[in-house]
Amino acid sequence: MREKRKICLVSLLIIIFFGVFFNGFFMRIGDYLPKKLSMPDDLPVLFSEDFESGHLKKEWRQSLANRNYSAQIINHRARTGNSSLRVELRENDPNIDESKRAEISLPMEAALEEHWYSFSTFLPLRGDEDYGIDPSSGEIIAQWHDVPDLGEEWLSPSLALMTINGFYQIGRVWDQSPLSTQERIKDERLSEYVTLGEYNADKDRWVDWTFHVKWGWERSHKPQLEIFKDGKRIFARTGVPNTKNDKQGVYMKLGIYKWDWEENPGNSSLDKRVVYYDSIEIR
Ligand SMILES: [Ca+2]
Ligand SMILES: [Ca+2]
(Lines give C-alpha, C1' and ligand atoms only; values in the text may rest on other atoms or scores of the structure.)
(Ligands and ions follow the chains in the order given, each with its own letter.)
Protein backbone atom coordinates (compact mmCIF):
# COMPACT_ATOMS: atom_id res chain seq x y z
CA MET A 1 0.00 0.00 0.00
CA ARG A 2 2.78 2.34 1.05
CA GLU A 3 4.66 1.37 -2.17
CA LYS A 4 1.61 2.28 -4.22
CA ARG A 5 1.34 5.68 -2.54
CA LYS A 6 5.02 6.27 -3.16
CA ILE A 7 4.58 5.48 -6.85
CA CYS A 8 1.60 7.82 -7.03
CA LEU A 9 3.55 10.62 -5.33
CA VAL A 10 6.56 10.13 -7.63
CA SER A 11 4.26 10.11 -10.69
CA LEU A 12 2.63 13.30 -9.48
CA LEU A 13 6.01 14.98 -8.98
CA ILE A 14 7.09 13.90 -12.47
CA ILE A 15 3.87 15.33 -13.92
CA ILE A 16 4.38 18.63 -12.05
CA PHE A 17 8.04 18.74 -13.17
CA PHE A 18 7.10 18.29 -16.81
CA GLY A 19 4.15 20.62 -16.35
CA VAL A 20 6.43 23.43 -15.17
CA PHE A 21 9.06 22.87 -17.85
CA PHE A 22 6.70 22.13 -20.68
CA ASN A 23 3.78 24.30 -19.74
CA GLY A 24 3.06 24.86 -23.42
CA PHE A 25 2.22 21.18 -23.63
CA PHE A 26 -0.15 21.40 -20.69
CA MET A 27 -1.81 24.47 -22.12
CA ARG A 28 -2.44 22.54 -25.30
CA ILE A 29 -4.14 19.77 -23.32
CA GLY A 30 -6.17 22.50 -21.61
CA ASP A 31 -7.22 23.68 -25.06
CA TYR A 32 -9.38 20.60 -25.42
CA LEU A 33 -11.10 20.60 -22.05
CA PRO A 34 -14.82 21.30 -22.30
CA LYS A 35 -15.66 24.81 -21.24
CA LYS A 36 -18.70 27.04 -21.27
CA LEU A 37 -18.66 30.59 -22.51
CA SER A 38 -18.02 32.92 -19.59
CA MET A 39 -17.17 36.38 -20.83
CA PRO A 40 -16.00 38.79 -18.13
CA ASP A 41 -19.16 40.92 -17.64
CA ASP A 42 -17.32 44.12 -16.74
CA LEU A 43 -15.95 44.43 -20.28
CA PRO A 44 -17.53 47.39 -22.06
CA VAL A 45 -19.34 46.84 -25.38
CA LEU A 46 -17.16 48.60 -27.98
CA PHE A 47 -19.47 48.02 -30.93
CA SER A 48 -22.82 46.39 -31.53
CA GLU A 49 -25.07 45.95 -34.53
CA ASP A 50 -28.53 44.37 -34.49
CA PHE A 51 -29.80 45.78 -37.85
CA GLU A 52 -32.94 47.08 -36.13
CA SER A 53 -32.44 50.66 -37.37
CA GLY A 54 -33.03 49.52 -40.96
CA HIS A 55 -29.63 50.63 -42.22
CA LEU A 56 -26.01 49.61 -41.67
CA LYS A 57 -24.15 51.58 -39.03
CA LYS A 58 -21.64 54.08 -40.41
CA GLU A 59 -18.67 52.07 -39.08
CA TRP A 60 -19.12 49.38 -41.74
CA ARG A 61 -17.05 49.55 -44.90
CA GLN A 62 -18.97 47.84 -47.69
CA SER A 63 -17.33 45.56 -50.25
CA LEU A 64 -20.45 44.70 -52.19
CA ALA A 65 -21.41 44.30 -55.82
CA ASN A 66 -23.92 46.96 -56.70
CA ARG A 67 -26.85 44.53 -56.62
CA ASN A 68 -30.05 44.89 -54.60
CA TYR A 69 -29.57 41.38 -53.15
CA SER A 70 -25.90 41.77 -52.06
CA ALA A 71 -26.66 42.95 -48.51
CA GLN A 72 -30.23 43.56 -47.42
CA ILE A 73 -31.66 44.28 -44.01
CA ILE A 74 -34.73 42.04 -43.82
CA ASN A 75 -37.61 41.64 -41.38
CA HIS A 76 -38.68 38.04 -41.83
CA ARG A 77 -35.88 36.53 -39.75
CA ALA A 78 -33.90 37.73 -36.72
CA ARG A 79 -31.75 36.44 -33.89
CA THR A 80 -32.72 39.48 -31.83
CA GLY A 81 -35.46 42.01 -32.50
CA ASN A 82 -37.14 41.82 -35.91
CA SER A 83 -34.34 42.36 -38.42
CA SER A 84 -31.14 40.79 -39.64
CA LEU A 85 -28.71 41.17 -42.53
CA ARG A 86 -29.16 38.89 -45.55
CA VAL A 87 -25.99 38.56 -47.64
CA GLU A 88 -26.11 36.97 -51.08
CA LEU A 89 -23.19 36.36 -53.43
CA ARG A 90 -23.56 35.01 -56.96
CA GLU A 91 -20.92 33.52 -59.17
CA ASN A 92 -21.62 36.04 -61.91
CA ASP A 93 -21.47 39.09 -59.63
CA PRO A 94 -18.83 41.59 -60.72
CA ASN A 95 -15.50 41.36 -58.91
CA ILE A 96 -15.04 43.50 -55.82
CA ASP A 97 -11.42 44.00 -54.77
CA GLU A 98 -10.40 41.56 -57.51
CA SER A 99 -12.58 38.64 -56.41
CA LYS A 100 -16.07 37.39 -55.60
CA ARG A 101 -17.18 38.84 -52.30
CA ALA A 102 -20.11 40.42 -50.48
CA GLU A 103 -18.61 41.65 -47.22
CA ILE A 104 -18.90 44.38 -44.63
CA SER A 105 -15.90 45.22 -42.47
CA LEU A 106 -15.17 47.19 -39.32
CA PRO A 107 -12.28 49.63 -38.80
CA MET A 108 -8.78 48.34 -38.12
CA GLU A 109 -7.67 47.74 -34.57
CA ALA A 110 -4.31 48.61 -33.07
CA ALA A 111 -1.85 45.73 -33.04
CA LEU A 112 -2.06 43.08 -30.30
CA GLU A 113 -5.48 43.97 -28.88
CA GLU A 114 -7.68 41.47 -27.04
CA HIS A 115 -11.41 41.17 -27.78
CA TRP A 116 -14.53 39.03 -27.51
CA TYR A 117 -16.23 39.07 -30.91
CA SER A 118 -19.79 37.73 -30.94
CA PHE A 119 -22.21 37.33 -33.86
CA SER A 120 -24.92 34.95 -35.04
CA THR A 121 -25.21 33.23 -38.39
CA PHE A 122 -28.17 31.57 -40.09
CA LEU A 123 -27.55 29.15 -42.98
CA PRO A 124 -30.80 28.76 -44.93
CA LEU A 125 -32.48 25.43 -45.59
CA ARG A 126 -34.60 24.55 -48.62
CA GLY A 127 -35.66 26.65 -51.56
CA ASP A 128 -33.34 28.46 -53.90
CA GLU A 129 -31.24 29.85 -51.04
CA ASP A 130 -30.55 26.41 -49.47
CA TYR A 131 -26.99 26.29 -48.09
CA GLY A 132 -26.03 23.22 -50.09
CA ILE A 133 -22.80 21.25 -50.02
CA ASP A 134 -20.02 22.40 -52.34
CA PRO A 135 -17.65 19.41 -52.18
CA SER A 136 -14.47 20.97 -53.59
CA SER A 137 -14.86 24.66 -52.96
CA GLY A 138 -14.91 26.62 -49.71
CA GLU A 139 -16.01 30.07 -48.73
CA ILE A 140 -15.22 32.36 -45.81
CA ILE A 141 -18.26 33.59 -43.87
CA ALA A 142 -16.43 35.59 -41.14
CA GLN A 143 -12.82 36.64 -40.86
CA TRP A 144 -10.20 38.81 -39.19
CA HIS A 145 -7.81 40.16 -41.76
CA ASP A 146 -4.45 41.70 -41.05
CA VAL A 147 -3.14 44.83 -42.75
CA PRO A 148 0.15 44.30 -44.59
CA ASP A 149 3.05 46.63 -43.79
CA LEU A 150 4.48 48.81 -46.55
CA GLY A 151 5.99 46.60 -49.25
CA GLU A 152 4.12 43.49 -48.10
CA GLU A 153 1.57 41.58 -50.16
CA TRP A 154 -2.00 40.79 -49.07
CA LEU A 155 -2.11 37.22 -47.75
CA SER A 156 -4.85 34.99 -46.38
CA PRO A 157 -6.58 36.33 -43.25
CA SER A 158 -5.09 35.60 -39.85
CA LEU A 159 -8.34 33.96 -38.77
CA ALA A 160 -11.32 32.80 -40.81
CA LEU A 161 -14.52 30.85 -40.25
CA MET A 162 -15.16 28.91 -43.42
CA THR A 163 -17.50 26.30 -44.82
CA ILE A 164 -16.39 23.56 -47.20
CA ASN A 165 -17.86 20.23 -48.26
CA GLY A 166 -20.62 20.40 -45.64
CA PHE A 167 -18.28 21.25 -42.76
CA TYR A 168 -17.25 24.34 -40.83
CA GLN A 169 -13.54 24.97 -40.95
CA ILE A 170 -11.18 27.33 -39.13
CA GLY A 171 -8.34 28.79 -41.16
CA ARG A 172 -5.37 30.38 -39.40
CA VAL A 173 -2.27 32.11 -40.79
CA TRP A 174 0.48 33.67 -38.69
CA ASP A 175 4.04 34.91 -39.03
CA GLN A 176 6.59 36.19 -36.54
CA SER A 177 8.73 37.79 -39.24
CA PRO A 178 7.98 41.46 -39.99
CA LEU A 179 8.11 40.74 -43.73
CA SER A 180 5.56 38.05 -44.57
CA THR A 181 5.42 36.43 -47.98
CA GLN A 182 3.30 33.66 -49.48
CA GLU A 183 6.46 31.54 -49.88
CA ARG A 184 7.40 31.95 -46.21
CA ILE A 185 3.90 31.01 -45.03
CA LYS A 186 4.05 27.90 -47.21
CA ASP A 187 7.69 26.87 -46.60
CA GLU A 188 7.57 27.44 -42.83
CA ARG A 189 4.06 25.95 -42.57
CA LEU A 190 2.67 29.03 -40.82
CA SER A 191 -0.98 28.08 -41.32
CA GLU A 192 -3.48 25.50 -40.21
CA TYR A 193 -6.95 24.48 -41.33
CA VAL A 194 -9.08 22.61 -38.83
CA THR A 195 -12.46 21.06 -39.49
CA LEU A 196 -15.01 21.86 -36.80
CA GLY A 197 -17.96 19.63 -37.64
CA GLU A 198 -20.83 19.44 -40.07
CA TYR A 199 -23.17 22.38 -40.58
CA ASN A 200 -26.16 20.43 -41.86
CA ALA A 201 -27.93 20.26 -38.48
CA ASP A 202 -27.41 24.03 -38.09
CA LYS A 203 -29.36 24.93 -41.22
CA ASP A 204 -32.61 26.80 -40.64
CA ARG A 205 -31.57 28.01 -37.17
CA TRP A 206 -29.44 30.72 -35.62
CA VAL A 207 -25.98 29.78 -34.39
CA ASP A 208 -24.25 32.02 -31.84
CA TRP A 209 -20.50 32.41 -32.26
CA THR A 210 -18.02 34.03 -29.89
CA PHE A 211 -14.36 34.34 -30.80
CA HIS A 212 -12.15 35.34 -27.89
CA VAL A 213 -8.82 36.46 -29.28
CA LYS A 214 -5.76 38.04 -27.79
CA TRP A 215 -3.74 38.74 -30.91
CA GLY A 216 -0.02 38.03 -30.98
CA TRP A 217 2.63 36.85 -33.43
CA GLU A 218 5.05 35.54 -30.83
CA ARG A 219 4.75 33.59 -27.60
CA SER A 220 5.79 36.55 -25.46
CA HIS A 221 2.53 38.26 -26.49
CA LYS A 222 0.68 35.41 -24.73
CA PRO A 223 -1.72 34.94 -27.66
CA GLN A 224 -5.09 33.34 -27.08
CA LEU A 225 -7.82 32.00 -29.29
CA GLU A 226 -11.03 30.41 -28.07
CA ILE A 227 -14.06 29.75 -30.22
CA PHE A 228 -17.47 29.21 -28.64
CA LYS A 229 -20.42 27.91 -30.63
CA ASP A 230 -23.80 28.24 -28.94
CA GLY A 231 -21.98 28.89 -25.67
CA LYS A 232 -19.74 25.81 -25.79
CA ARG A 233 -16.03 26.00 -26.45
CA ILE A 234 -15.30 24.02 -29.59
CA PHE A 235 -11.79 25.17 -30.47
CA ALA A 236 -8.82 26.77 -28.72
CA ARG A 237 -5.20 27.63 -29.32
CA THR A 238 -3.41 29.10 -26.33
CA GLY A 239 0.08 30.54 -26.26
CA VAL A 240 0.80 30.09 -29.96
CA PRO A 241 1.05 32.85 -32.60
CA ASN A 242 -2.28 33.79 -34.20
CA THR A 243 -1.53 36.75 -36.47
CA LYS A 244 1.20 38.38 -38.52
CA ASN A 245 3.87 40.82 -37.40
CA ASP A 246 2.34 44.10 -38.61
CA LYS A 247 2.27 47.69 -37.37
CA GLN A 248 -1.52 47.81 -37.69
CA GLY A 249 -3.98 45.41 -36.04
CA VAL A 250 -6.64 43.28 -37.70
CA TYR A 251 -10.13 44.22 -38.89
CA MET A 252 -13.23 42.05 -38.70
CA LYS A 253 -15.25 41.19 -41.78
CA LEU A 254 -18.61 39.47 -42.07
CA GLY A 255 -20.15 38.27 -45.31
CA ILE A 256 -19.25 35.82 -48.03
CA TYR A 257 -15.92 35.54 -49.86
CA LYS A 258 -15.68 32.76 -52.47
CA TRP A 259 -12.39 32.99 -54.33
CA ASP A 260 -12.94 29.90 -56.51
CA TRP A 261 -15.71 31.66 -58.45
CA GLU A 262 -13.00 34.04 -59.66
CA GLU A 263 -9.89 31.82 -59.70
CA ASN A 264 -11.15 28.25 -60.33
CA PRO A 265 -14.87 28.33 -61.12
CA GLY A 266 -14.73 24.63 -62.14
CA ASN A 267 -14.08 23.69 -58.48
CA SER A 268 -17.52 24.85 -57.41
CA SER A 269 -20.81 23.14 -58.16
CA LEU A 270 -22.84 26.14 -56.95
CA ASP A 271 -23.57 29.57 -58.37
CA LYS A 272 -25.06 31.30 -55.32
CA ARG A 273 -24.57 31.53 -51.53
CA VAL A 274 -26.82 33.15 -48.92
CA VAL A 275 -26.01 33.74 -45.23
CA TYR A 276 -27.92 35.78 -42.62
CA TYR A 277 -26.16 37.68 -39.81
CA ASP A 278 -27.43 39.30 -36.63
CA SER A 279 -26.50 40.29 -33.07
CA ILE A 280 -22.94 41.47 -33.55
CA GLU A 281 -21.17 42.58 -30.40
CA ILE A 282 -17.53 43.36 -29.76
CA ARG A 283 -16.11 43.74 -26.29
CA1 LIG B 1 -31.70 41.99 -35.15
CA1 LIG C 1 4.38 42.48 -41.52
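Which residue of β8 stands opposite I140? The residue opposite I140 is M162 in β8. The model that shows this pairing is predicted; local features need pLDDT of at least 70, side-chain atom pairs count only at pLDDT 80 or more, and totals for chains, interfaces and linings use all residues. Residues are numbered from 1 along each chain as its sequence is written, and chains are lettered from A and ligands numbered from 1 in the order in which they are written.

Confidence is reported as pLDDT, the predictor's confidence in each residue, from 0 to 100. The mean pLDDT of the protein is 92. A value of 70 or more is reached by 88% of its residues. Among the elements, β7 has the highest mean pLDDT, at 99. The lowest mean, 48, belongs to α2. Over residues 18-27 pLDDT stays under 50. For this stretch the model has four contacts beyond four places in sequence. Two residues are in contact if their C-beta atoms, placed from the backbone, lie within 7 Å.

The protein has four helices and 15 strands. Helices (H or I, at least four residues) and strands (E, at least two) are DSSP runs, numbered from the N terminus. Of the 283 residues, 31% count as buried. A residue is buried if 20 or more other C-beta atoms lie within 10 Å of its own, exposed if 12 or fewer, and partly exposed in between, with C-beta atoms placed from the backbone. Among contacts with a separation of 6 or more, 70% come from residues 24 or more positions apart.

An open sheet contains seven strands in the order β2-β5-β14-β7-β8-β9-β10. Their pairing is antiparallel. Two strands pair if DSSP finds at least two bridges between them. At the edges stand β2 (61-63) and β10 (191-198), each with a single partner strand, so one side of each is left without a neighbour in the sheet. From one strand to the next, the twist averages 15°. Axes here are lines fitted to C-alpha atoms, for helices over the stretch in contact, and angles run from 0 to 180 degrees between N-to-C directions.

Within this order, β7 (residues 139-145) and β8 (residues 159-164) are joined by five bridges in the antiparallel sense. Strand β7 also holds Q143. Q143 counts as buried because it has 22 C-beta neighbours inside 10 Å. Its contacts, not counting residues up to four places away in sequence, are P157, L159, A160, L161 and K253. Q143 and V250 are 107 residues apart in sequence, yet their C-alpha atoms are 9.6 Å apart in space.

Seven of the nine residues of β6 are buried. Nine bridges join β6 to β11 (residues 206-214), and the two strands run antiparallel. Here T121 stands opposite V207. Strand β6 also pairs with β15 (residues 272-282), in the antiparallel sense, over five bridges. In that pairing, Y117 has I282 as its bridge partner. I282 also lies 8.7 Å from P44, C-alpha to C-alpha, across 238 residues of sequence. P44 sits in the loop between α2 (23-31) and β1 (47-49). P44 counts as exposed because it has 5 C-beta neighbours inside 10 Å.

The largest nonpolar core has 40 residues. Such a core is a set of buried Ala, Val, Leu, Ile, Met, Phe, Trp, Tyr and Cys residues joined through C-beta atoms within 7 Å. V87, F119, I141, L161, I256, V275 and Y277 have the most contacts inside it. The largest share of this core, five residues, comes from β15. In soluble globular proteins, nonpolar side chains tend to be buried together. F119 touches A142, W209, L254, Y277, S279 and I280, not counting residues up to four places away in sequence.

Most residues other than glycine have a negative phi. R189, which is not a glycine, has a positive phi of about 55°. R189 lies in the loop between α3 (182-187) and β10. With 7 other C-beta atoms within 10 Å, R189 is exposed. D230 also has a positive phi, near 50°, in a residue other than glycine. The loop between β12 (224-229) and β13 (232-238) holds D230. D230 counts as partly exposed because it has 14 C-beta neighbours inside 10 Å.
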